[in-house]
Amino acid sequence: MTPRQRLWLFAVAVAGLVACYLWAFAGLPGFGDYPGPYGPAILKRVITETNATGVVSAVNFEYRGFDTVGEEFILFTAAAGMSVVLRQLRGERERQSSPTDDAANRQVPATSSAIRIVSLLFVGPTAVIGWWLATHAQTNPSGGFQGGVILATAFFLVYLSGEFIVFRRLSPIALLDAVEAIGAGGFAAVGVIAVAMSLPYLYNYLPLGTIPGAVSSSGTIAAISFLVGIEVAAAFLLIIGELLEQTLLRREGSS
Amino acid sequence: MTPNAVMDILQVTVLVLVAAGATLVVRTRDRVRLVLVLSVYGMLLAILFFVFQAPDVTLSELAVGAIALPLILLLTIAKVRKPQ
Amino acid sequence: MQVFPFIVVAWIVVVGLYGMVTSRDLIHQVVCLIVVQSSTYVLLLAVGYVTGGVAPYFFDISPRALAVDPVVQALALTDVVVEAAVTALLLSFAVQAYKRFGTLDPHELAEFKG
């Protein structure tokens, strides 16, 4: 069908969608009038039950820990799927030089000194901040997911400063695969250990500590957050590494 | 002005900016420019989440939407560029 | 102000879908999908907001302070990170399509059979 017909069909469909949306929003309480029993119920008892002052992370890894296991395995599968989809590509390339891949042949200009200095200066602080965020989920706005992404960003800075070979040496694929597997499997294992102790899956069985909000408090929440942090960092590094393979092979050959 | 009124004005302003940013992202057709506009949109979203009292989501959106996603997009664009 | 965030959510969805339908480039389509997905984050946070509430972290304030809903924040948080990985997977499919067929135009790609 022609583009104009497509556009008309889209207009009709979107009009129906918007009508249903507005009908649904008319039934919601207004913005800011959240009445729901679930939120205030959790807020009332989170500190007495888990000794964690970071409520969002407590919800993520304790009250809704089962959903988080699922989300983490989506991440794991996406990284694994990328390796599978792009690996077949590499096998073809080695046999005949394909003219359509341009990333291997472009002229890469040398990085200016200003960028190198600034990027390398920030690698250390970024890694420390990422690690801190991943291990302090129960106290402040922090947690496994954002800590893991920021930790991966520290490695990207090495790549951005022009040190391609160093980046590849700092993140070998075998090590990243192992770290990602430990993170994902560890999360599932923490839950299974609870089952082995004849408690429900992902029950919080580690000691809860005495001071709410201290680093050693809140039992399994801290352990799970750390495992999720390293798994997310490894998954992002694997994803970027797969996309970078072509340019790195070329650089290594010419330098 | 009461704190609630200030909060209201702030939220309305950032919501309008986010809506404008989304329109800009869709209207940009050149690939490299698209990546930059998406990065700015990610930062606007992070500000919106902050004004909605959600610092955790702000951290995630900043790290992902302004850094990791544009990097992944740029690498993909480099792989599919037509030879000049 | 009672319904303004929800109207913005509807606007972002419509704009993103329009971009996907009229796109001539797979990469632009994936970016429009990112925009549509970002509207769900705004919707989640707007549903859970409490007027006059503070962020739900009680490290240095009393646990009895009025706070916004933490459950929707937890959902939006994992969503943001997982979306990036799924987008990367979609982009790798786009790269694969370019290698096989030499074009990234969805109208032309639709005519190839397998």
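Two residues are taken to be in contact when heavy atoms lie within 4.5 Å. In the predicted model, contact defined in this way joins 24 residues of chain A to 19 residues of chain B. The area buried between chain A and chain B amounts to about 1,900 Å², and carbon and sulfur atoms give 71% of that area. Zero salt bridges are found by the rule across the interface of chain A and chain B, whereas one residue pair, with both residues at pLDDT 80 or more, is found in polar contact. On the side of chain A that touches chain B, at least two residues are supplied by each of helix H3 (55-63), helix H6 (144-160) and helix H9 (220-254) of chain A.

The interface of chain A with chain C was examined in the same terms. Here 50 residues from chain A and 47 residues from chain C take part in the contact, and the area buried between the two chains is about 4,500 Å², of which 77% comes from carbon and sulfur atoms. Within chain A, the residues that lose the most area to chain C are Phe31(A), Tyr34(A) and Val56(A), which together account for 17% of what that side buries. Across the interface of chain A and chain C the rule again returns zero salt bridges, while five residue pairs, both members at pLDDT 80 or more, are found in polar contact. Helix H1 (3-26), helix H2 (38-50), H3, helix H4 (65-95), H6 and H9 of chain A each supply at least two residues of the side that touches chain C; of the residues on this side, H4(A) gives the most, with 11 residues. The side of chain A that touches chain C divides into 31 nonpolar, 13 polar and six charged residues.

Within chain A, the packing of H2(A) against H3(A) was also described. The axes of H2(A) and H3(A) are 11 Å apart and the two helices pack at an angle of about 75°; because angles from 65 to 115 degrees count as roughly perpendicular, H2(A) and H3(A) are roughly perpendicular to each other. On H2(A), the contact is made by Ile42(A), Leu43(A), Arg45(A), Val46(A), Glu49(A) and Thr50(A), and on H3(A) by Val55(A), Ala58(A), Val59(A), Glu62(A) and Tyr63(A). Sorted by class, the residues of the contact of H2(A) with H3(A) are seven nonpolar, one polar and three charged.

Note on methods:
Residues are numbered from 1 along each chain as its sequence is written. Chains are lettered from A and ligands numbered from 1 in the order in which they are written. This is a predicted model: local features need pLDDT of at least 70, side-chain atom pairs count only at pLDDT 80 or more; totals for chains, interfaces and linings use all residues. Side-chain values use heavy atoms; hydrogens and water are left out. Buried area is the accessible area (1.4 Å probe) that two parts lose on being put together, summed over both. A salt bridge is a side-chain nitrogen of Lys or Arg within 4 Å of a carboxyl oxygen of Asp or Glu. A polar contact is a pair of N or O atoms within 3.5 Å; within protein, one must be able to donate a hydrogen and the other to accept it, and residues adjacent in sequence count only if both atoms are side-chain atoms. Helices (H or I, at least four residues) and strands (E, at least two) are DSSP runs, numbered from the N terminus. Ala, Val, Leu, Ile, Met, Phe, Trp, Tyr, Cys and Pro count as nonpolar, Asp, Glu, Lys and Arg as charged, and the others, Gly among them, as polar. Axes are lines fitted to C-alpha atoms, for helices over the stretch in contact, and angles run from 0 to 180 degrees between N-to-C directions. Angles under 35 degrees count as roughly parallel, over 145 as roughly antiparallel, 65 to 115 as roughly perpendicular and the rest as oblique.
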